[in-house]
Amino acid sequence: MITLPPTAPPLRRDFGWSRNLPVTVAFSWLAAGWADFRNRPGLSLAYGLAVFVVSIAIVAGLFRLGLDYVLFPALAGFMLTGPVIALGLYEKSRRLQRGEPVGLAAMLFVRPRSGGQVIFTGVLLMLLMLLWMRAAVILYALFFGLLPFSGFADILPVLVFTPAGWALLIVGTLVGGLFAAFSFAISVFSLPMLLDESTDSFTAMGTSMALVWNNLAVMVVWGGIVMVLVTLSLASGLVGLIVAFPVLGHATWHAFRTMRQDPAAEIAIERLDGADS
């Protein structure tokens, strides 16, 4: 007879995770990310430049293959795969925090403590992104039938000045919002956790979701900061990613360490609380 071990929620009371953090902490994460960016900035800039070049290549490939109609969901899905791509930035911040030497090789050839679980998590997030893109195509077909994509020169008037366009905008925003919220919740802390601790993919994603739920206010603010910076980067023709992506990557590491109740992070939070009072 097989005896199953007792189950426990992802965030046990004695597990050492933070709960109900003040919303002001989100801005301290951004400041810490900027500080890490300025510490040996050439490394972070090189990383951001590589992300920019790959992003431009993907966008150009979509147009060349006639798949421009999936560009918008693909750009939205970038926020989903971003935590995987930022693994080297987490490694830089981790090494800086521990006073260890850091170089570009260490950032490009990261050795996570969870090993292949990082790859498995990346595959799951990629599949979720493909599902998101397929849902976007299906929604377009539901509202516009089998008509071919009219191109970016004509799509804006169609979306804004037709009833079908308005319906697609409303339903698409709701569906995309659900995908974005779920993706953000399972990925924002799972990749830093897999880098720093020996655990499995589903535990990391479940813990990430529980952390977001138990710190909902500050995570909504953090999600808004991420969305604003990514949107500004897209508006700049992706050039802004060269700086914004590394800063967000470094900041996410500090967000994870705050959630993990790192002693230095706890002192920073106490100072913020004292300043607010």
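Which handedness does the crossing of helix 2 and helix 12 have? The crossing is right-handed. This is a predicted model.

## Where helix 2 meets helix 12

Helix 2 covers residues 41-64, and helix 12 covers residues 241-259. Their axes come within 8 Å. They cross at roughly 120°.

From helix 2 come S44, L45, Y47, G48, L49, V51, F52 and S55. From helix 12 come L241, I242, V243, F245, P246 and H250. By type, 10 of these residues are nonpolar and four are polar. None is charged.

## The nonpolar cores

The largest nonpolar core has 54 residues. Those touching the most other members are W29, F189, V218, M219, W222, F245 and M259. Helix 12 gives this core its largest share, nine residues.

Look next at W29. Leaving aside neighbours within four places in sequence, W29 is in contact with L21, V218, M219, W222, A251, H254, A255, T258 and M259.

Another core lies apart from the largest one. This other core has five residues, among them Y140, F144, L159 and L168.

## A residue on helix 8

Is L178 buried or exposed? L178 sits in helix 8, residues 163-187. Its relative accessible area is 65%. Exposed means over 50%, so L178 is exposed.

L178 and W132 are 46 residues apart in sequence. In space, their C-alpha atoms are 10.0 Å apart.

Note on methods:
Residues are numbered from 1 along each chain as its sequence is written. This is a predicted model: local features need pLDDT of at least 70, side-chain atom pairs count only at pLDDT 80 or more; totals for chains, interfaces and linings use all residues. Side-chain values use heavy atoms; hydrogens and water are left out. Axes are lines fitted to C-alpha atoms, for helices over the stretch in contact, and angles run from 0 to 180 degrees between N-to-C directions. Helices (H or I, at least four residues) and strands (E, at least two) are DSSP runs, numbered from the N terminus. A crossing is left-handed if the near helix is turned anticlockwise from the far one by less than a right angle, and right-handed if clockwise. Contact means heavy atoms within 4.5 Å. Ala, Val, Leu, Ile, Met, Phe, Trp, Tyr, Cys and Pro count as nonpolar, Asp, Glu, Lys and Arg as charged, and the others, Gly among them, as polar. Buried means under 20% relative accessible area, exposed over 50%, partly exposed in between (1.4 Å probe, protein chains only). A nonpolar core is a set of buried Ala, Val, Leu, Ile, Met, Phe, Trp, Tyr and Cys residues joined through side-chain atoms within 4.5 Å.
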